[in-house]
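Hi,

Here is the structure I promised to pass on. Have a look at it first, and then read my notes below.

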Amino acid sequence: MGQTASEGVGTAHRSDDLPPVTFRCCKNRDMPAIMEIDRESFFDPWSAATWQRELNSPIACWIVEETEGAVVGYAGIWIVAGEAQVMRVAVQKAMRNRGLGLALTQALIRKAWDAAAEAVTLEVRESNLAARKVYERCGFVSGGVRPDYYSDTHEGAVIMWLYRSGEV
Ligand SMILES: CC(C)(COP(=O)(O)OP(=O)(O)OC[C@H]1O[C@@H](n2cnc3c(N)ncnc32)[C@H](O)[C@@H]1OP(=O)(O)O)[C@@H](O)C(=O)NCCC(=O)NCCS
């Protein structure tokens with residue numbers, strides 16, 4: 001699945017103080033905003049070349065989340081052999097804990113079902129409680145832990161699965 005789909009992947013709305021949130025497929029022009037969030041979110045942020053490859057990959061699907069016209073999050077999957085592998089999900093640091101991560105992940109799951117995936121899978125650090133909470137709230141279930149998975153901290157990766165039958 002490429003990045004050529006039109007605007008309007010979906011919309012979400014969270015009460016409280018959050019403005020309306022919209023989702024759309026990522027475009028090359030989103031790279032500066034995505035890379036800024038990537039830098040503050042991961043210990044191994046991707047280079048411009050990697051992002052360029054990702055955004056133009058025929059097996060990848062990346063979406064951005066916007067509030068009031070500004071990119072506040074991004075997420076992507078690879079679709080391989082009928083399964084969607086979550087690559088990255090991130091929300092701008094200043095905007096976290098307001099429901100944006102949940103809405104973003106739900107939008108990503110909808111993209112996986114649209115692409116006819118039968119299941120969505122991901123790996124998450126054992127210590128990443130915020131991400132694990134979001135994934136569990138989306139219906140993901142742990143399928144086990146891969147020990148010593150991350151080279152920086154040597155912690156394990158929780159492997160999580162969501163099947164189409166439990167569609168959100
Ligand atoms: C994971 C991430 C996308 C979540 O985004 P977010 O906008 O903060 O998510 P939400 O606000 O929808 O939900 C966060 C949930 O985690 C909970 N949470 C936050 N910090 C937590 C912690 N330290 N321990 C336990 N729960 C925590 C929040 O209370 C919230 O749950 P609630 O809605 O039941 O209150 C965001 O933290 C992020 O970008 N992290 C860096 C990148 C990353 O780790 N990505 C995931 C791995 S690919």
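One definition to begin with: a residue counts as buried if 20 or more other C-beta atoms lie within 10 Å of its own, exposed if 12 or fewer, and partly exposed in between, with C-beta atoms placed from the backbone. Isoleucine 59 is therefore partly exposed, as 13 other C-beta atoms lie within 10 Å.

Some housekeeping. Residues are numbered from 1 along each chain as its sequence is written. The model is predicted, so local features need pLDDT of at least 70 and side-chain atom pairs count only at pLDDT 80 or more, while totals for chains, interfaces and linings use all residues.

Now the overall picture. The protein has 4 helices and 8 strands, which are DSSP runs numbered from the N terminus (helices: H or I, at least four residues; strands: E, at least two). Their order along the sequence is β-β-α-α-β-β-β-α-β-α-β-β. Of the 168 residues, 29% are buried.

Back to isoleucine 59: you'll find it in the loop between helix H2 (48-55) and strand S3 (60-67). Leaving out residues up to four places away in sequence, isoleucine 59 touches Trp78, Ile79 and Val80 (contact means C-beta atoms, placed from the backbone, within 7 Å). Its C-alpha atom is 7.0 Å from that of valine 80, which is 21 residues away along the chain.

Next, the strands, where pairing takes at least two DSSP bridges. S3 and S4 (residues 70-80) pair in the antiparallel sense over 8 bridges, with threonine 67 opposite alanine 70. Their hairpin has 2 residues between the strands, and glutamate 68 there takes a positive phi near 50 degrees. S4 and S5 also pair in the antiparallel sense over 8 bridges, and glycine 73 stands opposite valine 91 in S5. In the turn of this second hairpin, alanine 81 has a positive phi of about 50 degrees.

Buried residues in H3 include Leu100, Gly101, Leu104 and Leu108.

Last, the ligand. It is surrounded by 19 residues, and the closest are Arg96, Gly101, Leu102, Leu129 and Ala130 (near means a C-beta atom, placed from the backbone, within 6 Å). Strand S5 (83-91), helix H3 (100-114) and helix H4 (129-137) each give two or more residues to this shell, and H4 provides the largest share, 5 residues.

Cheers

Key
Two residues are in contact if their C-beta atoms, placed from the backbone, lie within 7 Å.
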